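Dear colleague,

Please find below the sequence and structure that I am handing over to you. My notes on what was found follow directly after them.

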Amino acid sequence: MPLQLYEKEKMLEACLSLFARHGYKQTSTEMLAEAAGISKALIFHHFKSKKKLYFSLLEHCSEKIGSELKMDSILKYEDFFKALDEFGRLEFNYFRNSPDEYKLVYEAFYLTPDELKPDIEAKYGDVITSRNQLWRTLFDKVPLRDGLDRDQAFELIMIALEHFEKKFLLDVSQIEAVDDEYVQHYFDKMNRFCNMIRFGIEQ
């Protein structure tokens, strides 16, 4: 029995909200069926499994985010650290408009449930590698002190940025919490961390 388009969109929106709020592992098919207002059997009929439903949502969200944020646009910057700040603010604006989509994609790529790791790697491994390579291409323009390993310096910055993104998702439980004051505080602190890495901490 085919779902009408508006019914399917409503169902997917409800399922997306659940996955974003609870994560893949803690979201059961019973919860999905109740939120979507359909039977568990009907979910399996259309999507075969919770995993296939999740990946259907992930594909939609990742394509939309990729279209909106346009990762390759970071190469227009000459300054790596300025690009981190400005592109990060674009991500914040996206979160404000589409928090559930952002949370789903972040979990899939950075907090990947063990059950999904082989599928994520097979389907999106090249995308993640390409994203990191764009940042690395821009980082290669940063002059480093003699004796510093460029790969290690880049890895250290990426670790710091991932820490901030995880902290942000823990901080923010409701969209109203992402106000201008929070954003400014977040980026001030992130940039101070980046500057400690950039300029060193020892006198």
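**Helix packing and selected residues**

Helix H5 (residues 80–97) packs against helix H7 (residues 117–139) at an angle of about 145°, and their axes are 9 Å apart. Please note that the model is a predicted one. The crossing in which H5 passes H7 is right-handed. On the H5 side, the residues that meet H7 are Phe-80, Ala-83, Leu-84, Phe-87 and Glu-91; on the H7 side they are Arg-131, Trp-135, Leu-138 and Phe-139. Sorted by class, the residues of this contact are 7 nonpolar, no polar and 2 charged.

Glu-91 deserves a separate entry. This residue of H5 has a relative accessible area of 15%, and it is therefore buried, the cut-off being under 20%. Apart from residues up to four places away in sequence, Glu-91 touches Leu-69, Tyr-102, Arg-131 and Glu-165. Of these, Arg-131 belongs to the H7 side of the contact between H5 and H7, while Glu-165 is among the H8 residues that meet H9.

**The chain as a whole**

The protein chain contains 9 helices and 0 strands. Read from the N terminus, its elements follow the order α-α-α-α-α-α-α-α-α. Along the principal axes, the C-alpha atoms fill a box of roughly 65 × 35 × 30 Å. The chain has 203 residues, of which 41% are buried. Among contacts with a separation of 6 or more, 69% are between residues 24 or more positions apart.

**Helices H8 and H9**

A second pair is formed by helix H8 (residues 150–171) and helix H9 (residues 180–199), whose axes come within 10 Å and cross at roughly 160°. Because this angle is over 145°, H8 is roughly antiparallel to H9. Their crossing is right-handed. H8 contributes Leu-156, Ile-157, Ala-160, Leu-161, Phe-164, Glu-165, Lys-167, Phe-168 and Asp-171, and these meet Tyr-182, Tyr-186, Lys-189, Met-190, Phe-193, Cys-194 and Ile-197 in H9. The contact of H8 with H9 comprises 12 nonpolar, no polar and 4 charged residues.

Two further residues of H8 were examined individually.

- Arg-150 lies in H8 and, at 23% relative accessibility, counts as partly exposed. Its contacts, leaving aside neighbours within four places in sequence, are with Arg-136, Phe-139, Asp-140, Val-142, Pro-143 and Leu-144. Phe-139 is also one of the H7 residues that meet H5. The C-alpha atoms of Arg-150 and Glu-9 are separated by 46 Å, and the two residues are 141 residues apart along the chain.
- Lys-166 is likewise found in H8 and is partly exposed, with a relative accessible area of 32%. Setting aside its neighbours within four places in sequence, Lys-166 is in contact with Tyr-106, Tyr-110 and Leu-111.

**Helices H2 and H3**

Towards the other end of my notes is the pair made of helix H2 (residues 29–36) and H3, which pack at an angle of about 100° with their axes 8 Å apart. This angle falls in the range of 65 to 115 degrees, so H2 is roughly perpendicular to H3. Thr-29, Glu-30, Leu-32 and Ala-33 in H2 meet Lys-40, Ile-43 and Phe-44 in H3. By class, this contact has 4 nonpolar, 1 polar and 2 charged residues.

Which residues of H3 are buried? In this helix (residues 40–47), they are Leu-42, Ile-43 and Phe-47. These residues cover an arc of only 110° around the axis, and therefore lie on the same side of H3. After H3 comes Lys-48, whose phi is positive, near 75°.

With kind regards

Terms used: Residues are numbered from 1 along each chain as its sequence is written. This is a predicted model: local features need pLDDT of at least 70, side-chain atom pairs count only at pLDDT 80 or more; totals for chains, interfaces and linings use all residues. Side-chain values use heavy atoms; hydrogens and water are left out. Axes are lines fitted to C-alpha atoms, for helices over the stretch in contact, and angles run from 0 to 180 degrees between N-to-C directions. Helices (H or I, at least four residues) and strands (E, at least two) are DSSP runs, numbered from the N terminus. Angles under 35 degrees count as roughly parallel, over 145 as roughly antiparallel, 65 to 115 as roughly perpendicular and the rest as oblique. A crossing is left-handed if the near helix is turned anticlockwise from the far one by less than a right angle, and right-handed if clockwise. Contact means heavy atoms within 4.5 Å. Ala, Val, Leu, Ile, Met, Phe, Trp, Tyr, Cys and Pro count as nonpolar, Asp, Glu, Lys and Arg as charged, and the others, Gly among them, as polar. Buried means under 20% relative accessible area, exposed over 50%, partly exposed in between (1.4 Å probe, protein chains only). The arc is that of the directions from the helix axis to the C-beta atoms.
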